[in-house]
Amino acid sequence: MIGLIRSLGRWGLNTFERLGRGHLFLVQILAGVPGLFLRFSLVVQQLYSVGVLSVLIIAISGLFVGMVLSLQGYYVLVDFGAEESLGVMVSLSLVRELGPVVTGLLFAGRAGSALTAEIGLMKSTEQLSGMEMMAVDPIRRVISPRFLAGFISMPLLAAMFSAVGIIGAFMVGHGLLGVDDGAFWSQMQVKTDWYDDILNGVIKSVVFGFVVTWIALYEGYDAIPTSEGVGRATTRTVVHSAFAILGLDFVLTALMFGED
Amino acid sequence: MLQKKSTEITVGMFVAAGIAALFMLAMKVSNLADFTDDTGYEVIAEFENIGGLKVRSPVTMAGVRVGRVADITLNPESYNAKVTINVYSNVDNLPTDTSASIFTAGLLGEQYIGLEAGAEEEYLQDGDLVELTQPALVLEQVIGQFLFSKAEGDEE
């Protein structure tokens, strides 16, 4: 009985300790960000590996998500004679929810796991300690550029996802199902609001980008420096990011779209 | 060096594509194109019942969009709905006896205000009141009235 309580206490202390270290780590990262504007080439390199290499999976997923939404939405809407509203349905669901959330999940899987594995391996091969020996701050040199790159990439990727998804929905809706193209676009434009829908979606994707990159870098930096430890850290990145995205999505939706 | 150059080019293309996507969402998908710097001027109309009219509902004249609903409040004295309409500044020649009615787009569509020009020589200015209004048609009331008159007719 005592043992059970003790292990519960140990688990709690460990969790809070990790949480605390994570926040201290975030403060250190953010302190390194202003210096990056003097050496922006570091960020450009990371933008390539975090952002550019994720474009393909984001674009293809976006296209198919849009196409499926269009197809499924059509069969429901056509019963009410409201198939012209297909554009509204697709654009609102993509811009408000699916764009940021699915991009966030894919981003965690594609870029987040790679970041954790990279940092974890750097740690286990003692490259990070090597840098410290040379009086180079590994957080400023290695971590902060990756953080900024993830933070910049995520909203751009989410915007691409939504845009490509809407194009995919239009291709299926107009080309395959024969929805009138004028009605498709005009209804969408009437009902989709720049501030309430699109900018709130962008805010969501910025928040997700921040959280996913933070989790990925922290898990890598905090990984047990063995091959097994790095593997576990990578798994944790994907799992924790998914939880964080889905949980935060609910909170953000309740805050943003709650009033009306 | 060559490697670095190609990295920079692809990153540049990535950022440009992201911004282009956002731009497409703004211009092609959303109603941002409607929001110009045109602040227009405001006229006020009081309705007995506004039905499902909302802030930002369209205001049209002969089917052409000439403004939008800026604000809806209850007039505490008359218990009518006080609707502030923002009219685009290029439509500056609405006669003072213009009438405003609330219509529904389609059977179940959203509600909008339709303006109909009168014959006066003077034009509505910022803050003026639109005197002639017609309230929204509430479907339940119409059906209720219809059933009521039908029942009365049967008794006779």
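**View 1. Domains of chain B in the predicted model.** Chain B falls into domain 1 (2–32) and domain 2 (38–144), with bounds from an automatic or database domain assignment. Taken over C-alpha atoms, the centres of domain 1 of chain B and domain 2 of chain B are 41 Å apart. This is a predicted model, in which local features need pLDDT of at least 70 and side-chain atom pairs count only at pLDDT 80 or more, while totals for chains, interfaces and linings use all residues. Residues are numbered from 1 along each chain as its sequence is written, and chains are lettered from A in the order in which they are written.

**View 2. Contact between chains A and B.** On chain B, 18 residues are in contact with 24 residues of chain A (C-beta atoms, placed from the backbone, within 7 Å). The chain B side comprises twelve nonpolar, five polar and one charged residues (nonpolar: Ala, Val, Leu, Ile, Met, Phe, Trp, Tyr, Cys and Pro; charged: Asp, Glu, Lys and Arg; polar: the others, Gly among them).

**View 3. Helices H6(A) and H8(A).** Helices are DSSP runs (H or I, at least four residues), numbered from the N terminus. The axes of H6(A) and H8(A) lie 8 Å apart, at an angle of about 145° (lines fitted to C-alpha atoms over the stretch in contact; angles run from 0 to 180 degrees between N-to-C directions). Residues of H6(A) at this contact include Phe147(A) and Met154(A), and those of H8(A) include Val206(A) and Leu217(A). By class, the contact has 13 nonpolar, seven polar and one charged residues.

**View 4. Surroundings of Leu217(A).** Beyond its neighbours within four places in sequence, Leu217(A) contacts Leu115(A), Ile119(A), Ile143(A), Arg146(A) and Phe147(A).

How values were computed
Contact = placed C-beta atoms within 7 Å. Helix = DSSP H or I, 4+ residues; strand = E, 2+ residues; numbered from the N terminus.
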